[in-house]
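I opened this notebook to keep track of what I looked up, going from helices to strands to single residues. Each entry is meant for someone who has not seen the structure before.

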Amino acid sequence: MTIINLDPTNLEFSVFTAEDIRKISVAKITLARSFDELGHPLRGGLYDPAMGPSNRGEICFTCARDELHCEGHFGHIEIDLSVYNPFFVRTLYNLLRISCMSCTRLLIHDNVKALLELQLRLSDAGYIVEAEELDVYKAKMQAFPTEPIPTEELNQYEEQLRNEPYNKLGDTKLSTAIRSAIVNNTLKECVLKKCIHCHAAVQKVRMSDGKLSINWTKGDKKAFLVQKLNTTDVPEDQLTSSIEVMIARDCKMYLRRLFDMEGPTLQLLFPMIRKMSRDQPFPTDIFFMDVVPVSPPKMRPVRRTERGTVVEHSQSAILNHILLANSTVRAILMWNEAQAKRSQEGDRGGPVG
């Protein structure tokens, strides 16, 4: 008789991608209204019958079971514009603070970066003592970044990783704490005013109420535009101090370019990027949302009053706000597209209504 040990030896959490959500979804939610005048759920609404029964006596359109036996099925909402994933706004804020938007590089010297990557690899492999030993070399490299890396001293650590890639005895809560300390120290030390690579002024990123913005002074903006446009003749109307909200779409494209330049380091600093890089061409897209999962009605039960009024769950109210906001965004995008088309027709001398 074979005895199977069900005690977990390794546990890993991840995040659903947009494709994952679409695969498990049985209904695309498009209507902000959930029920008709008679209290019946509408197809395409938040209580679409395909996601499961929302009342007694109803049958699920997906599994053909009643409300007692249907486990419920997920739906999804397609968002017309990418938005920040609220769980990763703080991570994005920390990442943007240690990168330069002019040259799309991390604000870390190459020698220090090599030591940091080795330090994180040792920590992930369970060699916490060896990872802490590298702090001495890293501090020296930060003070004298142009000096060559002590290759002979570091080869022993590389050889240790090759001979024994994983140290089971070192995989403890302490190793996790040390890794967090290494990452947090890096995030603090690399917040600079001037880029060490292109020498341009580094953007000042701010976070407030879950929104990311860039605080430009007149001097910072001039230095940034001079570097970006490669000219000292910058129009005065562009040199005003301002606070610019960073749109998720622009941030998403910037992080894709940053990953192309600094992929290995980003994967070590932020493990969720490394997990996504196995299957996704742009792992940093995990910080954003294009699809919102909609939980089954069983998880958002409605309350029906004696007068027949349907009172929806508080979570459904939040999803309803998302649908309404998305409808507004869609209308604006359609209007902008129509205006652009009219402008093109006008330039070609075509009819403009």
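The entries below follow the order in which I looked things up.

**Ground rules.** I am working with a predicted model, in which local features need pLDDT of at least 70 and side-chain atom pairs count only at pLDDT 80 or more, while totals for chains, interfaces and linings use all residues. I number residues from 1 along each chain as its sequence is written, and the side-chain values use heavy atoms, with hydrogens and water left out.

**Two helices that pack.** I take helices (H or I, at least four residues) and strands (E, at least two) as DSSP runs, numbered from the N terminus. I looked up helix H3 (residues 110-124) and helix H5 (residues 151-163), which pack at an angle of about 35° with their axes 11 Å apart; axes are lines fitted to C-alpha atoms, for helices over the stretch in contact, and angles run from 0 to 180 degrees between N-to-C directions. The crossing of H3 and H5 is left-handed, a word used if the near helix is turned anticlockwise from the far one by less than a right angle. From H3 the contact (heavy atoms within 4.5 Å) is made by Leu115, Leu118, Arg121 and Leu122, and from H5 by Leu154, Tyr157, Glu158 and Leu161. I noted that these residues divide into 6 nonpolar, no polar and 2 charged, where Ala, Val, Leu, Ile, Met, Phe, Trp, Tyr, Cys and Pro count as nonpolar, Asp, Glu, Lys and Arg as charged, and the others, Gly among them, as polar.

Next I turned to an open sheet of 3 strands, ordered E5-E6-E7 with antiparallel pairing; two strands pair if DSSP finds at least two bridges between them. Strand E5 (205-208) and strand E7 (242-245) stand at the edges with a single partner strand each, so one side of each has no neighbour in the sheet. The twist averages 35° from one strand to the next. Strand E6 (residues 211-216) is joined to E7 by 4 bridges, and Ser213 stands opposite Val245 in E7. Helix H2 (residues 89-97) lies across E5 and E6, running at about 165° to E5. I found H2 mostly covered, with 7 of its 9 residues buried (under 20% relative accessible area, with exposed meaning over 50% and partly exposed in between, for a 1.4 Å probe and protein chains only); among them are Val89, Tyr93 and Leu96.

**Cysteines.** How many disulfides does the rule give? The count is 0, a disulfide being a pair of cysteine sulfur atoms within 2.5 Å. For Cys60 the nearest cysteine sulfur, that of Cys63, is 3.6 Å away, and Cys60 is buried at 2% relative accessible area. For Cys195 the nearest is that of Cys103, also 3.6 Å away, and Cys195 is buried with 2% relative accessibility.

**Arg300 and strand E8.** Where is Arg300 found? I located Arg300 in the loop between strand E8 (288-294) and strand E9 (303-304), and Arg300 is buried, with a relative accessible area of 0%. Not counting residues up to four places away in sequence, Arg300 touches several residues, including Leu46, Tyr47, Val294, His313 and Leu319. E8 is mostly covered, since 5 of its 7 residues are buried, and E8 pairs with strand E2 (residues 74-84) in the antiparallel sense over 6 bridges.
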